[in-house]
Amino acid sequence: MDEARRELLDADVIIDAGAVAAVGKGIAGDLPGIDAAGCVVTPGLVNTHHHLYQSLTRAVPGGQDALLFGWLQTLYPIWARFTPEHMFTSAQVGLAELALSGCTLSSDHLYLYPQGCRLEDTIHAAAEVGLRFQPTRGAMSIGVSQGGLPPDALVEHEADILDDCIRVIDAFHDPDPGSMCRVGVAPCSPFSVSRELMRDAAQLARDKGVMMHTHLAENEEDIAYSQEVFGCRPGEYAESLGWVGPDVWHAHCVKLDAAEIALFARTGTGVAHCPCSNCRLGSGIAPVRALRDAGVPVGLGVDGSASNDAGNLVAEARQAMLLQRVANGADAMSAREALEIATRGGADVLGRSECGRIAPGMRADIAIWDVSGIEAAGSWDPAALLLSGPTTVRDLIVEGREIVRDGQLQTLDLPALVARQNQMARNLREAT
Ligand SMILES: [Zn+2]
């Protein structure tokens, strides 16, 4: 995934101080390192859209077969009971699952803060797991009583939202190259916040020099809401409030029309494509081929685990490839292009062009895939990782640090974490 998209056989990658120092054949000498013989080595995958708190509400009955709005209405009352401990544990589970599937950099979109929950519940979780993290301070401000979708108990006052955005940016945002934590600003969606909050949030983000994120044009209901309430399509609404530009990325964008695709291309606005979630909620097939052809930055997102329900990023990349083929034919997207979207593409969408490629000067975020096992047995082209090949990594390196070794997470006790998560899910279910 360097500029020339070279594929090197029997090459070495030299890592120094968290960055890639050199790539080439026979350059390792007797330096200590990891033997990756029999493996495909790729940049770490980048996840551009998630709601980590949702891993505690996978496969909730009542939400399993619903469309977006009905799905939300089933889940909101459960999420309203979450505590900081739920947020922390659920985030650890989501991030651990991502790490095992090759992800080295993830964003997150946390837009509800019941019972003292704060953005740092997820930031601390990411620091322990060891992934590079770009949490966004989400928000909802229009509850049911004002014509919105979420219950009033889950919405916040807009002044408080903006104050807390400033607080978390000042406390946790690190703009440096190699940063392990960058904070963004992310009102949940046009149907859960006011026009004023969208505008003020954009201004605040630009004053602070941070990225902006929201959900946009997810399905037909979403388009209908925009036309009925705002009198325009989502792209026009976003543009009128300052929500386009290289510092903005929108999740889903399943229903963007040709004019909106041109707008995104012209302004460098990014898209987080979430194919499994779009399938699961029956939202449709995002126009990824058209977006890429127009030059729109596209990354990949697993989306929250209440609508996927898996958080496996390399499987998500395969799904992206398959879905474009369903829509546009077998030559619509190659395995290599889907892997590019999952690595370089996502990094660019998150404003991290120093990630998502293995080349001198780039951050040392690397996934090592063992292709000697059953999944790739008989493959003539193991480097076409999304056609055959494992769906979990053998090793994962983030900022030069080994997070996964021999398929095992090195940073926390995974069985204990899973047990804690399952106990919490049981308690939530029994109280329902
Ligand atoms: Zn989402």
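Colleague: Is R292 buried or partly exposed?
Modeller: R292 is partly exposed, since its relative accessible area is 23%; bear in mind that this is a predicted model.

Colleague: Which side chain does R292 meet in a salt bridge?
Modeller: R292 meets E340, with 3.6 Å from N to O. This pair links distant parts of the chain, as E340 sits in helix α12 and R292 in helix α10 (residues 288-294), 48 residues apart. E340 counts as buried, because its relative accessibility is 17%.

Colleague: And which residues are joined with them into one network?
Modeller: Through salt bridges that share partners, R5, R289, R292, D293, E337 and E340 form one network.

Colleague: How many salt bridges does a search of the whole structure find?
Modeller: The search finds 29. Among them is the one between E354 and R182, whose closest N and O atoms are 3.8 Å apart. E354 lies in the loop between α12 and β12, while R182 lies in the loop between α4 (158-172) and β7 (184-187), so this pair ties together parts that are 172 residues apart in sequence.

Colleague: Are E354 and R182 buried or exposed?
Modeller: E354 counts as buried at 14% relative accessibility, and R182 counts as buried at 14% as well.

Colleague: Switching to the metal, which protein donors does the zinc ion have?
Modeller: The donors are H49 (NE2), H51 (NE2), H215 (NE2) and D303 (OD), which lie 2.1 to 2.6 Å from the zinc ion. Along the chain they follow the spacing H-x1-H-x163-H-x87-D, and H49 and H51 are buried.

Colleague: Why is the site of the zinc ion irregular?
Modeller: The angles among its four donor atoms run from 86 to 176 degrees.

Colleague: Now pockets: what volume does the largest pocket have?
Modeller: The largest pocket has a volume of about 1400 Å³. Its lining has 40 residues, of which A11, D12, V13, A36 and V41 lie nearest the centre, and by class the lining divides into 27 nonpolar, four polar and nine charged residues.

Colleague: Which element gives the largest share of that lining?
Modeller: Strand β3 gives the largest share, with five residues.

Notes. Residues numbered from 1 in each chain as written. Predicted model: local features only at pLDDT ≥ 70, side-chain atom pairs only at ≥ 80, totals over all residues. Heavy atoms only, no water. 1 Å grid on protein atoms, 1.4 Å probe; cavity = no way out; pocket = protein on both sides within 12 Å on 5 of 7 lines; lining within 4 Å. Points joined across faces, edges and corners; volume = space filled by probe spheres on them. Helix = DSSP H or I, 4+ residues; strand = E, 2+ residues; numbered from the N terminus. Nonpolar A, V, L, I, M, F, W, Y, C, P; charged D, E, K, R; others polar. Donors = N, O, S within 2.8 Å, 3.2 Å for Na, K, Ca; no water. Tetrahedral: all angles 85-135°; square planar, octahedral: opposite > 155°, others 65-115°. Buried < 20%, exposed > 50% of the residue type's maximum accessible area, 1.4 Å probe, protein only. Salt bridge = Lys/Arg side-chain N within 4 Å of Asp/Glu carboxyl O.
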